[in-house]
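Thanks for making the time this morning. I would like to walk you through one structure, starting with its pocket and ending with the chain as a whole.

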Amino acid sequence: VSGQVHLAAERFRQSGRDYWAGPIANQGHYDPFGSWNRVWKVTKAEIDQHMTDWNQSGYVTPEAILNWPAHGKILKGEAATLAPFVDVNGDGLYNPTEGEYPKVRGDMAIYSIYNDDYGQHGESGGLRLKLEVHQMAYAFECSMDEALSNTIFLHFKVINRSTTTYTNSYLGFWSDGDLGNGIDDYVACDVTRGAYYFLNGDADDQSTTNITG
């Protein structure tokens, strides 16, 4: 923007951080270490039971379904609609006590919201973008497919809450995989599968202090 690079990127947070919990809000109204400093974990089994029993006597709604972050606090500058949900009655409001429920992927999902606008970017030193990220990690329980049962999927919805149009923009992943002792690990890629993987650099993955090879 105007010749300036905006960047939000983290590794180990050794020199600070670029992301904080919660959605974009007005400055002075962020709550990154309070109510937003959490994740919401729901399962398909819980949702199925909620769809069936929500109006039955004695049924207790799971906490994550009851407090699903479907809506932000408008007076604080948060968006009116945040986490996805199934709007049974079509009124645009999340009402779990009326049989509505989170809209998730897989047989178990973990949902979180974070932003890069709360403070200065101490990790990268980059200028803020005013991005809001909705992240859903999910998995399937599939006894007939070992690979699927051992795969964690990540779905990201990245929202530009600024008034700026960013050009030449890139999204990327940084990961740090260790196989036992990480000092002799390598990373390789399989272009045809669009995949990368970690492997040991030699046949002897020796142990070190606090790390078992």
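If we sort the residues that line the largest pocket, we find 23 nonpolar, 11 polar and three charged, where Ala, Val, Leu, Ile, Met, Phe, Trp, Tyr, Cys and Pro count as nonpolar, Asp, Glu, Lys and Arg as charged, and the others, Gly among them, as polar. Please keep in mind that this is a predicted model, in which local features need pLDDT of at least 70 and side-chain atom pairs pLDDT 80 or more, while totals for chains, interfaces and linings use all residues. Residues are numbered from 1 along each chain as its sequence is written, and side-chain values use heavy atoms, with hydrogens and water left out.

The lining comprises 37 residues, and those nearest the pocket's centre are Ala8, Tyr19, Tyr170, Leu171 and Gly172. A pocket here is an open set of points on a 1 Å grid over the protein atoms alone, where a 1.4 Å probe fits, with protein on both sides within 12 Å along at least five of seven lines, and lining residues have an atom within 4 Å of a point.

Let me turn to aspartate 117, which sits in the loop between S5 and S6; strands are DSSP runs of E, at least two residues, numbered from the N terminus.

Finally, the C-alpha atoms of the chain fill a box of roughly 60 × 55 × 35 Å along the principal axes, and of its 213 residues 32% are buried, meaning under 20% relative accessible area with a 1.4 Å probe, protein chains only.

Conventions:
Helices (H or I, at least four residues) and strands (E, at least two) are DSSP runs, numbered from the N terminus. Buried means under 20% relative accessible area, exposed over 50%, partly exposed in between (1.4 Å probe, protein chains only).
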